[in-house]
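Reader: I am new to reading protein structures, and I would like to go through one slowly. Could you show me how to read its features, one after another?

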Amino acid sequence: MSALELLLQQLINAVSIGSLYALMAIGLAMVFGILRLINFAHGDLIMVGSYVALLLQVLGLPFPVAAVAGVAASTLAGLAMERVAYRPLRGAHEIAMLLTSFSVTIFLENLAIILFRPTSRPFPAPAVLRSVITMGQLRVAGLDLIAIAVTAVLLAALTLFVRRTNIGIAMRAASQDLLAARLMGINVNRVIATAFAIGSFLAGVVGLLWSARVGKVDPLMGFNPVLKAFVASVIGGLGSLPGAVLGAYVLGGLEILLQGLLPSALTPYRDALVFAILIALLLFRPNGILGSTEKEKI
Amino acid sequence: MLKLEAVDVAYGHIKALVGVSLEVREGELVALLGANGAGKSTALMTISGIVRPREGTVVYNGTDLAKASPFDIVGLGVIQCPEGRRIFGGLTVLENLRMGAVRRADSSGVRRDLDFVFSLFPVLGQRRHQTGATLSGGEQQMLAIARALMGAPSLLLLDEPSLGLAPIVVQAIFRVIRELHRRGVTILLVEQNVRQALAVADRGYVLAAGRVILAGSGGELRSAPELEQAYLSTAPEAGR
């Protein structure tokens, strides 16, 4: 394989995994921006959607139907989470919300363990998601291309949403100054529910792509993605949507880079090295790459 | 139009307002004066539904605002331009103004008001695509007032619109306040700048330690000896 092909191959890998992190990180960043809540239960929405998609396929429904239902299930679960767990805490201390997100995680994961057993189950994916395209020496997984394309479409749609629609602009306004947003008559509950709905929808999409990628589902499958998404949004600047996306691709790039460069004896320590680099980065830019360093104007 | 009666507000054990009664009639410009911590901003936040009174009523055209949400209160046309401007720094001038009109459905009226605020503050028109954070302090204050006006207020609550601004900008802001008053907008104005405020106000109230200690016309208040005291003394009976 030539150097150019190798570079291209690794680039596709990096953008593909970065895309999944980006879709997750947006959901975290949207909610954090408004509520200052790091919703660790966000990862479990991946699990909910994946299991629903799996279940419906086992029942004999075709993949597209199961996929749509899975994404819908994630979205509804996210909305329910906001309504039941977080809305009663409006105005409560940030620590109380954080602890609540842990208990939601514990609840959902144990519910899944009771319902579906703790062991993993194979996730059937249609042939197109398992295809591999060969171009010369280059071998590109169809799933990678689909993940990249889906993410591009969703990011474009999301950009239009937060720039053009009243509720999208209101979401940005509420994340900048919640009190001022209330004084303008912005319906904060509606804005927060919308943020949860969008984030959960994206988590549902990630769930399908992730499950198809690893070929299985298990009750704790949401932990790793949400951790990576959290790291991505910290790199980019917590609460900033462009920051979350940028941080996700930086994280994906770093992972693939180290994966390629590290001698095989060290690859198990890849994540540790990635996180060490990120800590170093945060020492220089504590608010992340796109986090604000600007002082309030007097 | 707006009537506060025996309103008590407390933050925990600290009493912010004690038995405050005041009234704003249609078309009036009423000044709310007092030293730092006298309860002026708390009074406005109570009217806007952000802070809930323990006792008393806040009635606006027959509706008890003490039981209404900020969302509903803005819908009634009671719009606050808060202290410290609190514009949305990451949003453009136009987006800020759009958020001021977020509760309105009359798009032709919104377009007319946009032209109106750009005629009041031409600089905002020039900077309509800039983000709020890139504006100067005076321009941000203009944006904050313009944003509140985009809500088509029937009662405009202005909290310290001249705070921290250069004298020439203060003059411009007060010119606009006078212009709005002339056009019939009802205004409740909280100000530290007593002389300026009383020059434009029809009537005024003076708060000290959460109580109304003085009320009267602009002229009466200007010559009242207690006015100076309200600012000089820290009111030893505070909180009791």
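Predicted model: local features only at pLDDT ≥ 70, side-chain atom pairs only at ≥ 80, totals over all residues.

Reader: What does the radius of gyration of chain B agree with?

Author: The radius of gyration is taken over C-alpha atoms, and the globule rule is 2.2 Å times the number of residues to the power 0.38. With 240 residues, a compact globule would have a value near 18 Å, and the 17 Å of chain B agrees with this. The C-alpha atoms of chain B fill a box of roughly 50 × 40 × 30 Å along the principal axes.

Reader: How many helices and strands does the secondary structure of chain B come to?

Author: Helices (H or I, at least four residues) and strands (E, at least two) are DSSP runs, numbered from the N terminus. Chain B comes to 10 helices and 10 strands.

Reader: In what order do the strands of the open sheet of 6 strands in chain B lie?

Author: Strands of a sheet pair through backbone hydrogen bonds, either parallel or antiparallel. Two strands are said to pair if DSSP finds at least two bridges between them. In chain B, the open sheet of 6 strands has the order 6-7-8-3-9-10, with mixed pairing. Strand 6 (78-81) and strand 10 (211-217) of chain B stand at the edges with a single partner strand each, so one side of each has no neighbour in the sheet. The twist averages 15 degrees from one strand to the next, where angles run from 0 to 180 degrees between N-to-C directions and axes are lines fitted to C-alpha atoms, for helices over the stretch in contact.

Reader: Which strands run parallel to strand 8 of chain B, and over how many bridges?

Author: Strand 3 (residues 29-34) of chain B pairs with strand 8 of chain B in the parallel sense over 4 bridges, and B:A31 stands opposite B:L189 there. Strand 7 (residues 155-159) of chain B also runs parallel to strand 8 of chain B, joined by 5 bridges, with B:L156 having B:I187 as its bridge partner. B:L156 in strand 7 of chain B stands opposite B:I79 as well, and 4 bridges join strand 6 of chain B to strand 7 of chain B in parallel.

Reader: How many residues of strand 8 of chain B are buried?

Author: A residue is buried if 20 or more other C-beta atoms lie within 10 Å of its own, exposed if 12 or fewer, and partly exposed in between, with C-beta atoms placed from the backbone. In strand 8 (residues 186-190) of chain B, 5 of its 5 residues are buried. B:T186, B:L188 and B:V190 point one way from the strand, and B:I187 and B:L189 point the other way. Of the 240 residues of chain B, 46% count as buried.

Reader: Which strands of chain B does helix 6 of chain B lie across?

Author: Two residues are in contact if their C-beta atoms, placed from the backbone, lie within 7 Å. Helix 6 of chain B lies across strand 6 and strand 7 of chain B, running at about 170 degrees to strand 6 of chain B.

Reader: How many residues does each chain give to the contact between chain B and chain A?

Author: The contact takes 24 residues from chain B and 18 residues from chain A. On the side of chain B, the elements that give two or more residues are helix 2 (70-75), helix 3 (93-100) and helix 6 (137-149) of chain B. The residues of that side divide into 10 nonpolar, 10 polar and 4 charged, where Ala, Val, Leu, Ile, Met, Phe, Trp, Tyr, Cys and Pro count as nonpolar, Asp, Glu, Lys and Arg as charged, and the others, Gly among them, as polar.

Reader: Is A:P225 buried or exposed?

Author: A:P225, which is found in helix 10 (residues 223-236) of chain A, is buried, with 23 other C-beta atoms within 10 Å. Leaving aside its neighbours within four places in sequence, A:P225 is in contact with A:M24, A:G43, A:I46, A:V206 and A:W210.

Technical notes. Residues numbered from 1 in each chain as written. Chains lettered and ligands numbered in written order.
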